[in-house]
Each structure stands twice: as structure tokens, then as C-alpha cells.
Amino acid sequence: MQFGVFSVSDITRDPVSGSTPTEAERIDAVVRIAKKTEEVGLDVFAIGEHHNPPFFSSSPTTLLAYIAAGTEKLILSTATTLITTNDPVRLAEEYSMLQHLAKGRMDLMLGRGNTAPVYPWFGQDLREGLPLALENYNLLHRLWREDVVDWEGKYRTPLQGFTSTPRPLDGVPPFVWHGSIRTPEIAEQAAYYGNGFFANNIFWPKEHYVRLIEFYRQRFAHHGHGTPRQAIVGLGGQAFIARRSQDAIREFRPYFNEAPVYGHGPSLEDFMAQTPLSVGSPQEIIDKTLTFREHFGDYQRQLFLMDHAGLPLKTVLNQLDLLGEEVVPVLRKELAARRAPGVADAPTHAGRVRALYGDGVPRQARPRANRGDNVTGASPYQES
């Protein structure tokens, strides 16, 4: 079981101080948050992708590569990478490069995004979002597994004899999660390829996500990747922690009330009762998170949203101390004790290399001499 935090990279006014951080301050802050995530013993840090204010993470690979250089064990991920408005060729190249720089400590989550204007900004049609997502991933999947690709589709120019470089580290493509909050076709795509399915698990009642995850598990088994309980599931969640429950409610309320995503709607208490939002003492966070397993079955990754709604950096770092010192150690122990037999391990690069090669030597791509093009002849790599 992997635990970590994710950020949507929002730049939000602090309703208590009245100040709004600059882009530079938030970029510096998120790097500190990522490093703190490793320091307190968590496993994963993930960052979203946005191309409009008030967000700053327009280049996740650049940010994650910088964080990789300053960490040792932390798995770096996205939450999410836009599979619709990014060229799959560039995704194949950029994330394979990140995989090399991070020495395998990375994966990515693919999604359609929730900002409608981003489609025309990158030359796409919002009405084609779902088939675009499906076609683009189909190509990305091939680019990481075939040295030479011939391909023709609807949404980009054809490829003839194309080789994406660099090849994936050790010949093992980055692990892919497909993130969705409502679309069964995305769950089906994750199941078809044997990839992970990440349920945002933030805004909606558990019954909605139960249906999506159960559908994904059934289809994962249908496509021959294992039993339903061997499917790879990740969950999001929101938490605000204080030593005492009353303090947590009091401190978080002004941020909740003014948050762009859920402020000015249901009360904090109603939102906590109806969604996975957890606000309280460490034990209360533990108790509510343990209910996720009851609802969704054993799963492999739990990410918490911690730096949103204008919370100041100092507060976020204190939250991470409580999460790493008092919450996650108990969750690791309790979830391990309750884990059913036959559940898949959380995906790691080392584990996937072992699964592919056993005791053998992993592939290291070594190009042949340049012949001037990749259109004719066999693979441009010596060992293929």
C-alpha cells in the first residue's frame, strides 16, 4: 500500500490573512511540500496539469524532474496528465525521459481534464474529448512498447517508421493510472490494458465511486489480467488534521467556506458526512480512511489533497507531520492486517522489472549507427 499527497497546483487567496501567493511562491512551496512528503515517510507525490490561472503546473515533467533530483525514494506522479490535449508522441518522449532521470521513481495518471477552454487552446474539440482520450492512449501504449511504430488515426498526422526516444528505462514503460470521476469508458480502457484505475474520491458520495471501481474490477478480470481483487486501484481524498477535532473544524472552516471548488454550498459538516472529506483528529482521519477499504475493497494507493484552498505553507507542512507521524503508520498496520490474500502489490518500477525479467538482465537500449531515417529496415536498436 502506497500513501502520498497530491496537489492540483491552485493559487488561492488565503481567507484568513487576505493574501494571495505569487506563482513563484507557490512553485517554491510545492517543491518544499514534495520534499517534506518524503521526509515524513510517505511514498508518493503527485501534481496536476493545468494551463490557465489560477494554477501553475503547466509543465509537470519539468517540476517532477527537479523534485526527483532533490529526493531519494519518493515516487513521483501526475494527477493528472492531459491525454486529450497533449500529443501522445510528446508524452511518450517526455515521460520516458523523466523515468530515466528519476531512476524509475515515477508513473503518471492520465485524464481528460476539467477545463473546457483548454481544448481549443491546443487545437482540439471538446466534443471529441472521450474518443480523443481513447485514441491518444492507444498510440501512447504502442510507442512505449514497439521500437518502430506505423500508425494512422483520426486526431493527429500518421506515423511511419517512428521511434520514440529515449526508450523506457529497462525496457519497462512507466506505469499508467487512468483517472476518472464519472466515465465508465475510461475505466474500461484501464481494465483492457491491465493498467491502474484512480478514482478521485473527493466530491461525490461513495456510492458513485463504488459503481465505477466495481465495473473496473470486473472488466480487469474479463480481459484476463487476474481476479477482480488483483486489479490496481488508487483513491484520492482530502484531509485536515489537528490534535483535537474541535481545533481542526475551527481552523479549516474559513478555508472550506471560501474554497472555489466547494465553498458557498453545503456546510462543512454536511460535506464531511456526504463525501470523503476528513477533518478532525488523527484518529478520526484514520477511522474515516479505513472505511474506504470497506466500500471499495483492498486497494494499492491512497493520496491526500493537503495544500488546497489557500492554506499557507506552514499549515500544510504541519499537516504533513501529523499525516506522516500519526496517521499513515496506523493505516499501514491496519490495512496490512485486514488485507485479503491474493491482492496485488502496489506498482513500482523495481517490481515490474522483476516481473518481466526475473533474474535476467533488463534491456538497455543501445542504438545502431545512424542510417539517416527510421522508415526502412529493422529496429534502430542493437539488442532488439
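## A contact at Ser77

The side chains of Ser77 and Asp107 are joined by a polar contact of 2.7 Å. Keep in mind as you look around that this is a predicted model. Ser77 belongs to strand β3, and Asp107 falls within strand β5, which covers residues 107-111.

Is Ser77 buried or exposed? Its relative accessibility is 1%, and because buried means under 20%, Ser77 counts as buried. Leaving aside residues up to four places away in sequence, the residues that Ser77 touches include Val44, Phe45, Ala46 and Ile47. Leu64, Leu108, Met109 and Arg301 are also among the residues in contact with Ser77.

## The sheet and its edges

Let's step back to the sheet. Nine strands form an open sheet with parallel pairing, in the order β3-β2-β1-β13-β10-β9-β8-β5-β4. Strands β3 (75-78) and β4 (81-82) stand at the edges; each has a single partner strand, so one side of each lacks a neighbour in the sheet.

Helix α2, made of residues 60-69, packs on this sheet and touches β2 (44-47) as well as β3. The direction of helix α2 makes about 170° with that of β3. Leu82 has Gly111 in β5 as its bridge partner.

Next, follow β5 to its other neighbour. β5 and β8 pair in the parallel sense over four bridges, and Leu108 stands opposite Val176 in β8.

## From β8 to β9

Four bridges also join β8 to β9, and these two strands run parallel. Here Ser180 stands opposite Ala199 in β9. Together with helix α6 (residues 184-193), β8 and β9 make a right-handed β-α-β unit.

Another helix, α7 (residues 206-222), lies across β8 (175-180), β9 (196-199) and β10 (233-235). Helix α7 runs at about 180° to β9.

Technical notes:
Residues numbered from 1 in each chain as written. Predicted model: local features only at pLDDT ≥ 70, side-chain atom pairs only at ≥ 80, totals over all residues. Heavy atoms only, no water. Pairing = 2+ DSSP bridges. Contact = heavy atoms within 4.5 Å. Axes fitted to C-alpha atoms, helices over the stretch in contact; angles between N-to-C directions. Buried < 20%, exposed > 50% of the residue type's maximum accessible area, 1.4 Å probe, protein only. Polar contact = N/O pair within 3.5 Å; in protein donor to acceptor, adjacent residues only side chain to side chain. Right-handed = clockwise from strand over helix to strand, strands pointing away.
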